[in-house]
Amino acid sequence: MSDNDALNSYSMFANVYSYLGLPLSREVDKADLVVLGIPYDVATTGRAGTRHGPQGVRLASANLRWEEKRWPWSFNAMDRLNVIDYGDLEFAPGESQSMINIVIETVASIHAQGKKTLSIGGDHFVTLPLLRGVYQQRGKVALIHFDAHTDTYKESSEFDHGGMFYFAPQEGLIDPARSIQLGIRTEYNPEDHQFQVIDAAETNDMPTEAIVAAIRQRVGDMPVYLTFDIDCLDPAYAPGTGTPVAGGITSDKALKILRGLAGLNLVGADVVEVAPSYDHAQITSLAAATIGLELIYLMASTAE
């Protein structure tokens, strides 16, 4: 074994500071894709702790660092994209408006340079300022939303992780007629619901190919933003989250659906609601880290 081979094998355990061991950098001009953490959970209505999500996901991602090319993809995403870990965004603790302003400013500035973003939450409220930042440079996007909840609840307060997709269409950030939600298994009213829904039972029972076809038909050729709330997974696969709901999908099904979306114009994405203090053996953090890697490969699938 050469010294370089030895270094690569030990890197799973040594100096685990960044997501996947990516360079820690804020030199956005040299990147194609920017990973950033948003350690925020003030909008949580259930169990708190998602402010530690970025840290937990980064740590678990060390388990993925040994694989040069992600199975079953036919290429190495890092050969197609220059990816950096921007680190966590910094804002005053407990001040939601401070977080919102910093997320919008940072994400808009990244997209203004033609770069893409992958964000690690934090509770799901962070997706609203993320979409605002993306919108400033990309315009309205289609939304692919994995979740146990629709997060379209009108009664939500200004800072609430249950109302982002009630406000986002009102602000013109997303086109609900081109958006789809998967894994839903909590109450909503189909009669006035603007999004297409493939609920958890359907997601579990439908062939992956049929789900992928439905997603592709719904979003069409619009630029796409994908948000993955980890509680879309059944608690057996993601116990470390604030609002677990039984009857979710498996990590295997989620990964197969994501791989089927290769070629979509995915301009941004996030993985949210990981609460490491409720996790066991990094089950949830590893699932989130793996989903994040699949999202990187999705973005790389359209790069030459």
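This is a predicted model: local features need pLDDT of at least 70, side-chain atom pairs count only at pLDDT 80 or more; totals for chains, interfaces and linings use all residues.

Entry one: the pairing of E4. E5 covers residues 180-184, and three bridges pair E5 with E4 in the parallel sense. I then looked for another partner and found strand E7, residues 224-229, which runs parallel to E4 and is joined to E4 by five bridges. In that pairing, His-145 has Thr-227 of E7 opposite.

Entry two: the faces of E4. Which residues of E4 point one way, and which the other? I listed Ala-142, Ile-144 and Phe-146 on one side, with Leu-143 and His-145 pointing the other way. In a regular strand, side chains alternate between the two faces of the sheet. I also checked cover: E4 spans residues 142-146, and five of its five residues are buried.

I located Ser-18 in the loop that lies between helix H1 (3-10) and strand E1 (33-38). Is Ser-18 buried or exposed? I read a relative accessible area of 5% for Ser-18, and the cut-off for buried is under 20%, so Ser-18 counts as buried.

Leaving out residues up to four places away in sequence, I found Ser-18 touching Leu-24, Arg-58, Ser-61 and Asp-85. I also looked up a polar atom of the Ser-18 side chain, which lies 2.6 Å from the backbone oxygen of Leu-22.

Conventions:
Residues are numbered from 1 along each chain as its sequence is written. Side-chain values use heavy atoms; hydrogens and water are left out. Buried means under 20% relative accessible area, exposed over 50%, partly exposed in between (1.4 Å probe, protein chains only). Helices (H or I, at least four residues) and strands (E, at least two) are DSSP runs, numbered from the N terminus. Two strands pair if DSSP finds at least two bridges between them. A polar contact is a pair of N or O atoms within 3.5 Å; within protein, one must be able to donate a hydrogen and the other to accept it, and residues adjacent in sequence count only if both atoms are side-chain atoms. Contact means heavy atoms within 4.5 Å.
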